[in-house]
Amino acid sequence: MKALICYGTRYGATKGTSEEIAKILLEENFDVKVVNAQEEKIKDVAEYDLVVVGSGVACGRWINESEDFLKKFRKDLENKKLALFVSSVGPIYAKEGNIEEVAKMRKIGLDDRVMKYGLKPVSLGFFGGIIDFNRMGFLTRKGMEVAFKPLLQKHGFKESAPDAYDLRDWDEIRNWAKELAKKARG
Ligand SMILES: Cc1cc2nc3c(=O)[nH]c(=O)nc-3n(C[C@H](O)[C@H](O)[C@H](O)COP(=O)(O)O)c2cc1C
């Protein structure tokens, strides 16, 4: 089976997650193409059986190019096995036990896109992203530090580099990709 993974990223989390999903799908004997939607425009999805679309979320919005891909291929995706995933700060709120906020973020990141484009995905992935304070502008950094630093420290998230936190749970991502492989075949 042939799979396309099309993603958009700002801080790199969605790229790494896409590559890990690709690795698992390859192990599951899929032929996989990974595309950064910001660098390459896909013209046609006809050859793919499975299409995975990923995006980082910032201020409740998808990366434009990932969203454009959904918009452009919404009709073609009706006949494909489709999966969507996002990279977000969800894991911080999950550790905090803030179920309402997690549900809200899932809805904004995933369910709203499904509704908006009338999609029928076989799987939705809600994964952690990267909080890299070094790569934010002054005001964004100040705001994000106030909002998230105490929570990151409280819940024992370890710095992946000075002032950067990687919220991705690789086992969760790999298990999701394995399940997706099964669903795509089924
Ligand atoms: C300015 C800014 C706004 C953000 N807004 C959100 C948000 O609304 N919801 C969310 O879940 N995560 C938010 N995040 C966290 C990102 O989702 C996280 O950084 C993720 O890694 C982005 O994906 P990417 O690394 O592929 O770009 C925000 C991060 C920044 C820096």
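Predicted model: local features only at pLDDT ≥ 70, side-chain atom pairs only at ≥ 80, totals over all residues.
Local features need pLDDT of at least 70, side-chain atom pairs count only at pLDDT 80 or more, and totals for chains, interfaces and linings use all residues. Residues are numbered from 1 along each chain as its sequence is written, and side-chain values use heavy atoms, with hydrogens and water left out.

Domain 1 (2-129 + 168-185) and domain 2 (131-166) both contribute residues to the shell around the ligand, so the ligand lies between them; the bounds come from an automatic or database domain assignment.

The shell holds 20 residues, of which T9, R10, T14, V57 and I130 come nearest (a residue counts if one of its heavy atoms lies within 4 Å of the ligand). By class, ten are nonpolar, nine polar and one charged (Ala, Val, Leu, Ile, Met, Phe, Trp, Tyr, Cys and Pro are nonpolar, Asp, Glu, Lys and Arg charged, and the others, Gly among them, polar).

The protein covers 89% of the 620 Å² of accessible area that the ligand has on its own (Shrake-Rupley method, 1.4 Å probe).
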